[in-house]
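Student: Please take me through this model one question at a time. I would like the cut-offs stated along with each answer.

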Amino acid sequence: MRRMLRYAQAMRLFLALTLLSAAGCVGDETFGKYGAADRLWVLSEINGKTVSVPITLTVPTPGRIAGQADCVTYAAKMIAPYPWFETKAIETSNRTCEKTPAETHYLLALTGVTQSEVLNDTLILSGNGAELV
């Protein structure tokens, strides 16, 4: 009986250590880990057309994006591994001014983005007929 108890305790310890080590292996696999983090990305084009309003995107913490434009700030959780791109519920906060058409177009396009590509100093987000550079 005592031997069975020790065996059961050893198995529980083994299982706990295995789960803890596996949890340590799971981390941020979003585009932030592959070159997009620690940078301030400034939108220059939407579907090949120059954007005159400054709109930014950052990766403030692993698995999250955030950014701002003249009249809106936004943040969202990233839920897809690189090179795929998927956000969960983009949260926005409007300032006292009215959003420009470029800001509205950007946020709508961002919700449909499905792929990301980090090429040196260029970030390309695309999907569902939109390309954000």
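Tutor: Buried means under 20% relative accessible area, exposed means over 50%, and partly exposed lies in between (1.4 Å probe, protein chains only). Helices (H or I, at least four residues) and strands (E, at least two) are DSSP runs, numbered from the N terminus. The model is predicted: local features need pLDDT of at least 70, side-chain atom pairs count only at pLDDT 80 or more, and totals for chains, interfaces and linings use all residues. Residues are numbered from 1 along each chain as its sequence is written, and side-chain values use heavy atoms, with hydrogens and water left out.

Student: Along β8, which side chains point to one face and are buried?

Tutor: The side chains of β8 alternate between two faces.

Student: What is the relative accessible area of Ser116?

Tutor: Ser116 is found in strand β8, residues 115–119. Contact means heavy atoms within 4.5 Å; leaving aside neighbours within four places in sequence, Ser116 is in contact with Phe31, Tyr82, Pro83, Trp84, Phe85, Ile124 and Leu125. Ser116 counts as buried because its relative accessible area is 4%.

Student: Which residue takes a positive phi in the hairpin of β8 and β9?

Tutor: Two strands pair if DSSP finds at least two bridges between them, and five bridges join β8 to β9, which run antiparallel. Leu119 stands opposite Thr122 in β9. The hairpin has two residues between the strands, and the one with a positive phi near 55 degrees is Asn120.

Student: How many salt bridges does the count come to?

Tutor: Side chains of opposite charge can pair when their charged atoms come close. The rule asks for a side-chain nitrogen of Lys or Arg within 4 Å of a carboxyl oxygen of Asp or Glu. By this rule the count comes to three.

Student: How many residues apart in sequence are the parts that Arg39 and Asp121 tie together?

Tutor: Asp121 is exposed at 67% relative accessibility, while Arg39 is partly exposed at 32%. Arg39 and Asp121 form a salt bridge, with the closest N and O atoms 3.4 Å apart. Arg39 lies in the loop between α1 (2–25) and β1 (41–42) and Asp121 in the loop between β8 and β9 (122–127), so the separation in sequence of the parts they tie together is 82 residues.

Student: Which strands hold Arg64 and Glu91?

Tutor: Arg64 is partly exposed at 28% relative accessibility, and Glu91 is partly exposed at 48%. Their side chains meet in a salt bridge of 3.9 Å, N to O. The pair ties together parts 27 residues apart in sequence, because Arg64 lies in β5 (residues 64–68) and Glu91 in β7 (residues 87–94).

Student: How far apart are the closest N and O atoms of Glu29 and Lys33?

Tutor: Glu29 counts as partly exposed at 32% relative accessibility, and Lys33 is partly exposed with a relative accessible area of 48%. Glu29 forms a salt bridge with Lys33, and the closest N and O atoms are apart by 2.8 Å.

Student: Which are the edge strands of the open sheet of three strands?

Tutor: The sheet has the order β5-β6-β7, with antiparallel pairing. An edge strand here pairs on one side only, and the edge strands are β5 and β7.

Student: In β6, which residue is the bridge partner of Ile65?

Tutor: Strand β6 covers residues 72–78, and five bridges join β5 to β6, the two running antiparallel. The bridge partner of Ile65 in β6 is Ala76.

Student: Which helix packs on the sheet?

Tutor: The helix covers residues 101–112 and touches β5, β6 and β7. Its direction makes about 5 degrees with that of β6; axes are lines fitted to C-alpha atoms, for helices over the stretch in contact, and angles run from 0 to 180 degrees between N-to-C directions. The helix is α2.

Student: Over which residues does pLDDT stay under 50?

Tutor: pLDDT is the predictor's confidence in each residue, from 0 to 100. The protein averages 84, and 80% of the residues score at least 70. The stretch where pLDDT stays under 50 has zero contacts beyond four places in sequence, and it covers residues 13–25.
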